[in-house]
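Hello! Here is the structure I promised to pass on to you. Have a look at it first, and then read my notes below.

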Amino acid sequence: MFSLAIAAVVFGVIFLAELPDKTALAGLVLGTRFRGSYVFAGVAAAFVVHVVLAVAAGSVLTLLPRRPLQLVVGVLFLAGAAMLLREVLKKDEEEEEDLKEPSDPSFWKVAGSGFTLILVAEFGDLTQIMTANLAARYDDPISVGVGAVLALWAVAGLGILGGQALLKRVPLTLITKIAACVMVVMAAWSFFEAATA
């Protein structure tokens, strides 16, 4: 039976925990480069998978090996930073006007990229573990799942909309360089977490 109260509590907890996390950053970066609806579709699907896994597994997810997971996340962030910087270096010779309009690949390519990034980067993340713990605590998988999915979708949506708004005021090359630097910092943080796990 669905409980609005449990869903609301889970929404608040997961929203606040995820807001400063890498998901908002990933949504912002992808939102500056591609059509927001395409990005959101992929990210939203990945979050549904995460929440289903968390709710189904309950507190078992807290037993996942943290160190290898953080190493993989760190490598993915470094690869993302390298790809962004390579694109900026390749396009530095083009006019600024050409750079303001990001390429708009197909729905499946953009949604697939967003899905893969979130699926890997967020696996075993704090909010997934919190969702598993909340599912175990409340013993109401539907209410916990709905609250968690809506919270994660809200954070992703804010990140994507922020990316779209930012693109109207700041040149894409500058956004890309800053995003690459932030990804390097996130990679370093992931490596640090792996080393201290």
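A helix here is a DSSP run of H or I with at least four residues, a strand is a run of E with at least two, and both are numbered from the N terminus. Please keep in mind that this is a predicted model, where local features need pLDDT of at least 70, side-chain atom pairs count only at pLDDT 80 or more, and totals for chains, interfaces and linings use all residues. Residues are numbered from 1 along each chain as its sequence is written, and side-chain values use heavy atoms, with hydrogens and water left out.

Let's start with Val 149, which sits in helix H8 (residues 141-169). Val 149 is buried, its relative accessible area being 12%. (Buried means under 20% relative accessible area, exposed means over 50%, and partly exposed is in between, with a 1.4 Å probe and protein chains only.) Which residues does Val 149 touch, leaving aside those up to four places away in sequence? They are Val 48 and Val 51, where contact means heavy atoms within 4.5 Å. Val 149 and Val 49 are 100 residues apart along the chain, and their C-alpha atoms are separated by 9.5 Å.

Next comes His 50, part of helix H3 (residues 36-57). With a relative accessible area of 3%, His 50 is buried. Its side chain reaches the backbone oxygen of Ile 118 at 3.2 Å. Not counting residues up to four places away in sequence, His 50 touches Ile 118, Leu 119, Glu 122, Phe 123 and Gln 128.

Ile 118 leads us to helix H6, as it is one of the buried residues there, together with Val 110, Ala 111, Gly 114 and Ala 121. Seen down the axis of H6, these buried residues fall within an arc of 125 degrees, so they line one face of the helix. (The arc is that of the directions from the helix axis to the C-beta atoms.) Trp 108 and Lys 109 are exposed on the other side of H6.

(The expected span is 1.5 Å times one less than the number of residues.) Buried in H1 are Ile 6, Ala 7, Val 10, Ile 14, Phe 15 and Glu 18. Down the axis of H1, the buried residues fall within an arc of 150 degrees, so they line one face of the helix. The face turned away from the buried side of H1 carries the exposed residues Ala 5 and Leu 16.

Happy exploring!

Terms used. A polar contact is a pair of N or O atoms within 3.5 Å; within protein, one must be able to donate a hydrogen and the other to accept it, and residues adjacent in sequence count only if both atoms are side-chain atoms.
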